[in-house]
Each structure stands twice: as C-alpha cells, then as structure tokens.
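Hello,

I'm handing over the structure we talked about, and you'll find it just below. Have a look first, then read on for what turned up.

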Amino acid sequence: MEDKSGKSKLDLEAIAKECNLFDNTKLEDVVSKIKALDDKYERDDLVTIYNYFLSVCKSPNILSELIRFEDRFRDKSSLPVLVDLLLLQQGEDTPDRDEYTNVRVMCAKAIANLKDTSAVNSLLYCLNNKNENYKVRFACADALGKIGDKYAVAPLIDVVKDENERSVYLRESAASALGMLGDLRAIDPLVSILETKQGILDKFTFLKERVIEALSKLRLNDNQRVFNALKQSLMDESPQVRINAIEAIMESENPDSYEVIKPCLKDENSEVQKNALIALYNISDRDILDEVINSPEYSDHLKMEAVTIIEEYETEAGKNE
C-alpha cells in the first residue's frame with residue numbers, strides 16, 4: 001500500500017503479528033523475527049516499526065530487546081514512546097510495575113543517548129519520586145548528567161544533600177551527574193560531604209569517591225576550600241578515597257600539591273603509596289624517583305615501583321631520541 005506521496009505505507013499491526021509480538025511465543029523466536037526486519041526495511045521504516053512495537057507491546061522481556069534495537073538509531077522520534085515507558089503510561093491494564101523496572105532503566109539510558117532536553121522534566125519527575133524504584137531513579141540521575149541541562153542542577157544538588165535519602169547509590173549517581181554538568185553551584189554541597197564525612201569507613205565511602213571525581217571535573221584550581229577538603233581526604237580511612245584525592249590534587253595545579261601529596265609515600269597502603277609516587281612524578285620530574293630509591297625511609301615495594309617507572313621513562317626517552 002502507498003500513501004498519497006507515493007511512498008510505501010507500513011501496515012504496522014500486520015508486521016507486529018508477523019513477528020508474533022502479541023503471541024505467547026518464546027522470546028528467542030520473537031527477537032529473531034524482529035532482527036530479521038533489518039533485511040526487509042530501511043532505517044526510517046525500522047524506527048517507525050520499533051516505535052509502534054514499543055507503544056503496544058506488554059512483555060517486559062520483549063520491550064527490553066526492542067529498546068536495544070531502537071537505541072542503535074538514536075532517532076528523536078522515539079523520544080515520546082520512551083518517555084511514556086519511563087513514566088509507565090501504558091494504560092490501566094499495565095501489569096505489576098516492578099516487572100518493568102529494567103525496561104524503564106533502559107528507557108532512561110536510551111533517552112540520555114538522545115540528548116534531548118525536552119525529556120528533562122520527565123527524568124526529574126522520576127528522580128524526585130522517593131517511592132520510585134531506586135534503580136530507575138539512579139538511571140534518571142545519570143541521564144540528566146549526560147543530557148547536560150542546567151535545569152537539572154538544583155534537583156540533583158537536593159538529592160546529594162539529602163542525608164535522609166534511603167539510597168546512597170542515588171546520591172552517588174547525583175554527584176557524578178553534577179560533575180558531568182560542570183555547574184559551579186554544585187561546589188558547596190559536594191565539598192560539605194567531604195568536610196562532614198571524614199574518617200567514616202562505611203556506606204558513604206563510595207559517595208565520597210564520586211564527590212571527589214565530580215570536583216575534579218569542575219576544575220577548581222583556585223578554590224582553596226575545595227583544595228583543603230581534598231587535603232583532608234588524604235586522611236580518610238578508605239584507601240580508594242585517599243587515591244582519588246591524590247589524583248584530584250595532582251590535577252588541581254595548586255602550587256602546594258607536591259608537598260601535600262608527598263607524605264602519602266609513607267601511607268600504610270601500598271596502592272596509595274604507588275599512586276602518590278606517580279602523582280609526584282607527574283607534578284615534578286625524575287628526582288622524586290631517585291629520592292625514593294636512595295632513601296631508607298621508603299618501603300621496598302615503593303622502591304620497586306620507582307625503578308619500574310624509571311625503566312619505562314628511559315625506554316620512552318630512548319624512543320624519542
């Protein structure tokens with residue numbers, strides 16, 4: 001059948017039936033038939049077909065596969081149906097909402113890939129709903145960071161600051177999103193977490209890691225409060241937090257970075273020592289490596305690391321001659 005323009009008009013319902021979309025057929029068989037559509041239709045037609053399938057399909061497993069197919073094209077015409085699925089606006093006969101959790105998470109990720117700011121309000125709606133599944137809220141926070149809309153900054157800050165938030169993972173995702181957004185309004189709430197949660201090796205460890213990463217992305221080279229908070233983090237009970245802080249201080253280009261990091265060469269954790277040595281080498285030159293090798297103050301493990309770096313340095317230098 002053709003429309004008035006002479007273009008082929010798709011019989012979407014017939015195509016759905018051909019793919020056994022409405023039958024209780026094995027998932028593998030349905031997916032195989034949907035995949036075979038690639039050989040019959042051009043890109044624009046495939047997008048139209050996927051959008052229709054997403055709007056009428058009720059099977060969470062099939063919907064998950066359809067979102068994967070649709071996400072290959074990243075066509076903005078898919079945004080309305082993805083948003084409807086995210087908000088679960090499928091009608092009164094929608095089955096148990098929990099069955100659609102993974103589908104909705106995938107929708108948030110697909111929406112992020114479209115980078116369309118018109119989806120921000122829907123993502124914020126899910127993010128701010130404390131009765132929502134935390135996986136969905138997590139995916140929405142991440143999507144907001146990737147889309148990059150400044151309107152999302154204040155709600156994400158609220159999530160990061162909310163100590164009553166049941167999901168610390170959501171606060172981690174919100175912190176990461178703020179780093180991606182790069183808005184300076186995030187400085188105070190992010191730094192406050194480092195200032196008030198020092199020395200606690202508990203569920204907040206990963207949150208502090210994400211906060212430090214976010215602050216690094218903000219590139220706050222001249223902010224003394226941020227530098228001081230990172231400096232305090234070098235004494236955190238979590239080795240990974242200390243490592244993250246070393247990297248952030250190295251990248252800060254603060255004139256005191258070298259002296260602040262150097263005591264970490266004697267850290268009780270060998271990985272922290274190693275990262276401190278690499279950071280100091282990047283900030284200065286080979287002299288720190290020679291100092292470590294020749295001084296009895298440092299561990300044998302660290303001396304070996306210094307030797308390894310020198311060997312790599314000399315190899316590179318030889319190549320460049």
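A quick word on naming: helices are DSSP runs of H or I with at least four residues, numbered from the N terminus. Please also keep in mind that this is a predicted model.

Let's start with the loops. Lys-115 sits in the loop between H6 and helix H7 (120-128), and its phi is positive, about 55°, although the residue is not a glycine. Asn-20, another non-glycine, has a positive phi of about 60°. For context, most residues other than glycine have a negative phi.

The largest nonpolar core has 109 residues, and Ile-34, Phe-53, Leu-156 and Leu-190 have the most contacts inside it. Helix H6 (residues 101-114) gives this core its largest share, nine residues. Leaving out residues up to four places away in sequence, Phe-53 touches several residues, among them Leu-12, Ile-15, Ile-34 and Leu-66.

Finally, a helix pair worth a look. Helix H11 (residues 187-196) packs against helix H13 (residues 224-233) at about 25°, and their axes are 9 Å apart. Angles under 35 degrees count as roughly parallel, so H11 and H13 are roughly parallel to each other. H11 passes H13 in a left-handed crossing. By class, their contact has six nonpolar, three polar and three charged residues. On the H11 side, these include Ile-187 and Val-191, while Val-226 and Leu-230 are among those in H13.

Enjoy exploring!

Note on methods
Residues numbered from 1 in each chain as written. Predicted model: local features only at pLDDT ≥ 70, side-chain atom pairs only at ≥ 80, totals over all residues. Heavy atoms only, no water. Core = buried A, V, L, I, M, F, W, Y, C linked by side-chain atoms within 4.5 Å. Buried < 20%, exposed > 50% of the residue type's maximum accessible area, 1.4 Å probe, protein only. Helix = DSSP H or I, 4+ residues; strand = E, 2+ residues; numbered from the N terminus. Contact = heavy atoms within 4.5 Å. Axes fitted to C-alpha atoms, helices over the stretch in contact; angles between N-to-C directions. Parallel < 35°, antiparallel > 145°, perpendicular 65-115°, else oblique. Left-handed = near helix turned anticlockwise from the far one by under 90°. Nonpolar A, V, L, I, M, F, W, Y, C, P; charged D, E, K, R; others polar.
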